[in-house]
Amino acid sequence: MTKVIYFDMDNTLNKLKCVKDVWKRLDSKDVTPYIECEPCVHGIELLKCYKKHGYKVIILSCLSRVTDKQFDRETCKAKNEWLALNVGMEWIDDVMYIPYTKHKEEYVKEEGILVDDDVTICMNWNKGNSIVAKI
């Protein structure tokens, strides 16, 4: 049986909420906050630790709350670039970008641990254990 761990990105692996005017900019379909955000070193170290211990690492990140097809594509591209630069894709087995939701468990098939900064998402998680991450 493969051990699986899911990592949220925003405010778990990065410090998105620390970007100036982040919500106003994202709601205006400005993708640059996803590129500008600083890494959360502890979250990235935790991801790499799980990977070193044989876990399948999956990024499970939401798209923006204001959305359309073009902005979704730009968001995925920006998040992928951020992951490659700040984490390294060799540490990641899969990436899933899902609609903005408080129910991430509805989008995965494999049971596993979820690491997320949102307490509500962690409380809703019914695919295994969850860890609330804070930057």
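**Fold and overall make-up of the chain**

Helices here are DSSP runs of H or I with at least four residues, strands are runs of E with at least two, and both are numbered from the N terminus.

The model is predicted: local features need pLDDT of at least 70, side-chain atom pairs count only at pLDDT 80 or more, and totals for chains, interfaces and linings use all residues. Residues are numbered from 1 along each chain as its sequence is written, and side-chain values use heavy atoms, with hydrogens and water left out.

Along the principal axes, the C-alpha atoms fill a box of roughly 45 × 30 × 25 Å. Of the 135 residues, 47% are buried (under 20% relative accessible area, with a 1.4 Å probe and protein chains only). Among contacts (heavy atoms within 4.5 Å) with a separation of 6 or more, 63% join residues 24 or more positions apart.

For a closer look, Asp-72 sits in helix α4, which covers residues 69–86. Beyond its neighbours within four places in sequence, Asp-72 is in contact with Leu-63 and Thr-67. Pro-99 lies 27 residues from Asp-72 in sequence, with 9.2 Å between their C-alpha atoms.

How values were computed. Buried means under 20% relative accessible area, exposed over 50%, partly exposed in between (1.4 Å probe, protein chains only).
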